[in-house]
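Q: I would like a close look at a single part of this model. Please treat it in one connected account.

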Amino acid sequence: MEVQGSERALRILITEDDAALGEALRYSLTHSGYAVDWMRNGAAADTALRSDVFDLLILDLGLPQLDGYDVLKRLRKHDGRLPVLILSGRESAGDKVHGLDLGADDYLVKPFSLDELHARVRALLRRGKGSANPIISAAKLDFDTVERVARIGERALELSMHETAVLEALLQRLGRVVSKEQLVERIYSYDRDVGTNAIEVYVHRLRRKIEGSGLAVKTVYGRGYALETTS
Ligand code: CA
């Protein structure tokens, strides 16, 4: 899959040695449309942070091999930009201050609700994008790439996760053809069972849901789909 620049999904690295919590985080964030990597020890996270590009690090403190503070210290020597959210069972003010002093951006004490985690993640990703506008606008439709919500005026569209992914891919290539295979790849990171036939169903539903937006999904026979503005 060829992805570049703004066309890739936001990528989050989770570092958590607790299997149940790690799995819950991975599942929940993946289903919100993020590309998620999960490391179970600090050394693996340190290696991943040196070789791959992420948009956010969710970091447990008590980790095997290299603890969270050390992962953070090493990270900040070569990357001062990546937003870091510490998750920890250590709730003393001293731990919190120490984590923030080392360059973490936010700190969430366990146990926490997934709703709160998601809210913090969205806030950090928004901040991480700096002044870049996370909204893609075309005709009357606005798509928020961080909150993953499409709106026509003030009205939020009720799109499934798959329909949202298809819309985003088409919006990013407005007026150009996107093949079914490219759309399958877009969804594949969180649903490995999706096929090209399913894409036809998502596009069919999306066509109805974006009525009134001034946009239409055109079928380009044998090649794929293109999102175009209607005059
Ligand atoms: Ca731990």
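Which residues does Glu168 touch, not counting residues up to four places away in sequence?

A: The model is predicted, so local features need pLDDT of at least 70 and side-chain atom pairs count only at pLDDT 80 or more, whereas totals for chains, interfaces and linings use all residues. Residues are numbered from 1 along each chain as its sequence is written, and side-chain values use heavy atoms, with hydrogens and water left out.

Leaving aside residues up to four places away in sequence, Glu168 touches Phe143, Thr145, Arg148 and Arg186; contact means heavy atoms within 4.5 Å. Glu168 counts as buried because its relative accessible area is 8%, the term buried being applied under 20%, exposed over 50% and partly exposed in between (1.4 Å probe, protein chains only).

Glu168 belongs to helix H6. Helices (H or I, at least four residues) and strands (E, at least two) are DSSP runs, numbered from the N terminus. The neighbouring topic is the sheet. Its four strands form an open arrangement in the order E6-E7-E8-E9, with antiparallel pairing; two strands pair if DSSP finds at least two bridges between them. Strands E6 (135-138) and E9 (155-156) are the edge strands, each pairing on one side only. Helix H6 (residues 161-172) packs on this sheet, where it touches E6, E7 and strand E8 (149-152), and its direction makes about 110° with that of E7. Such axes are lines fitted to C-alpha atoms, for helices over the stretch in contact, with angles from 0 to 180 degrees between N-to-C directions.

Between E6 and strand E7 (residues 141-144), four bridges join the two in the antiparallel sense. Asp142 in E7 is the bridge partner of Ser137.
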